[in-house]
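Here is a short briefing to read alongside the model. Please keep the viewer open as you go through the points.

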Amino acid sequence: MDNAGFEAALNARVEDMLDACTKCGACFTACPITGGAGIADADPQEVISGVLDIVRLGQGPEVSQKWAKACMLSGECIKACDYGVNPRFLLAMARLAMTNAAQELPDRRKNGVQYFRKLGEDVGILSKLQLSDAALERLGQRPTHRGGSPERTDLPDVVFYTGCNVLKTPHIALLCLDIMDRLGTDYQVMGGPTHCCGVSQLRHGDTETSSRFAARTIEKLAQSKTGQVLAWCPSCFVQFSENMLPTFERAGQDKPFDMTPFMRFLHSQLDLLRPQLNERVEMTVALHRHPGVAGVMEAAEELLRAVPGIRIVKLDVPAVGLQSVNLATLPAYKKELQLKELEAAKAAGVDALVAVYHSDHRELCAHERDWPFKIVNVLEIVGESMGLRQDDHYKHLKIKQDVDSIIADSTDLLKQHGVNLDTARKVIVGGMLADQPLPLQGAR
């Protein structure tokens, strides 16, 4: 499908939602971040009317712009609508319209290219700081030295789609594979920048490149016997399930696959999983929650409850956003929420604060240095009960908080992969140590 066809289908979807929207304001009322955005007292009907103006014209009332820009993709607005509208999608289209009105296409495309190149560099270097060629290949990434295992020629039952950024914290993705191996799941891994979902290009207002990247990846992901794609990344899940796949379908294309969040897939396998949860894990834990993809947090909690020895306490803190990285729309509010959660976890006396997504882990893990509990991923606990372990090299390195110490610790792998030291330093500083929204408590 060419760009004109994609744009026409996207515009048709938008028009359908604009026509269906009654401007009742229920989506705004349900939104959990209006207080944090400083617009809780705004009239809901006026705000949503303004959003529709922005979608149509590229401009609208300031309060409507604030709401669109502050969206963290919590998804509560979707549940609140009784008229078949996806307000989260409309807010994405409002942000797209504002970006298009503010910048010409060459500038938007340049910004998208720069972001994509930085993403690729960060993912590539940070994964090579931690992984051997064999582990990189297992995660579907091209090894430094060509050769290795031949690619399979038959179709897998399912595709496991990592997305890009989980490769910065590869122990999480490797645990996904370990657990699927134990369950007997026949899968093929796809992901990384060569399998881009196009979300960053869409955010920067380059719909042509976004749709082209997404179309290539969709073609690759469709190569399975069952038409099932298990998605790790919530951003990729929203990009495909709400933005891209419905638009391609609207253009007359067949739906190539069903996409299922990995946590929901693992929960669906709980009867097979329970007999393998043999080791007791004596811990009191709290789950770090983001509600943006329906059913994922509930699935994660049920998986934790299935582990013998685990006791779960619920912290009295708001659960908002798609994942931690999406809270960056309101930086001060994000820091406030993270500090409240750490303080609540300490007050509850937990042994571990348990995150699900990779961006949550990247942003929180170094706080383990300063607080009396661990920061772990839910799959680390499930894996421990199954006798599976993957070392969290990312946390080990980030807690050092010193680029020279991190380089020294990773020297052998850097040499093995032929990584330029200046590039490694740049990525460690900007892509790891700077990825710390709530500062640590001081010198170690």
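The buried residues of α3 pack against α1 (3-20), α2 (26-30), α4 (62-70) and α6 (87-102). Helices here are DSSP runs of H or I with at least four residues, strands are runs of E with at least two, and both are numbered from the N terminus. You are looking at a predicted model, where local features need pLDDT of at least 70 and side-chain atom pairs count only at pLDDT 80 or more, while totals for chains, interfaces and linings use all residues. Residues are numbered from 1 along each chain as its sequence is written, and side-chain values use heavy atoms, with hydrogens and water left out.

**Helix α3**

- Buried residues (under 20% relative accessible area; exposed is over 50% and partly exposed in between, with a 1.4 Å probe and protein chains only) in α3 are V47, I48, G50, V51, L52, I54 and V55.
- An α-helix has 3.6 residues a turn, so residues three or four places apart point the same way.
- Where α3 starts, the backbone nitrogen of Q45 has a side-chain oxygen of D43 within 3.1 Å.
- After α3 comes G58, with a positive phi near 85°.

**Aromatic pairs**

- Rings of Phe, Tyr and Trp (its six-membered ring) pair if their centres lie within 6.5 Å; planes under 30 degrees apart count as stacked, over 60 as edge-to-face and the rest as tilted.
- The count by this rule is eight aromatic pairs.
- F28 and W67 form an edge-to-face pair, because their ring centres are 5.2 Å apart and their planes stand at 75°.
- With F28 in helix α2 and W67 in helix α4, the pair ties together parts 39 residues apart in sequence.
- F28 is buried at 3% relative accessible area, and W67 is buried at 2%.
- F160 and F262 are also edge-to-face, with ring centres 5.4 Å apart and planes at 70°.
- This pair joins strand β1 (residues 158-161), which holds F160, to helix α13 (residues 262-268), which holds F262, and so ties together parts 102 residues apart in sequence.
- Both F160 and F262 are buried, and ring pairs link F160, W232, F262 and F265 into a cluster.

**Arginine R362**

- R362 sits in helix α17 (residues 358-364) and counts as buried at 5% relative accessibility.
- Beyond its neighbours within four places in sequence, R362 is in contact (heavy atoms within 4.5 Å) with N165, K168, T169, Y394, K398 and D435.

Definitions and conventions:
A polar contact is a pair of N or O atoms within 3.5 Å; within protein, one must be able to donate a hydrogen and the other to accept it, and residues adjacent in sequence count only if both atoms are side-chain atoms.
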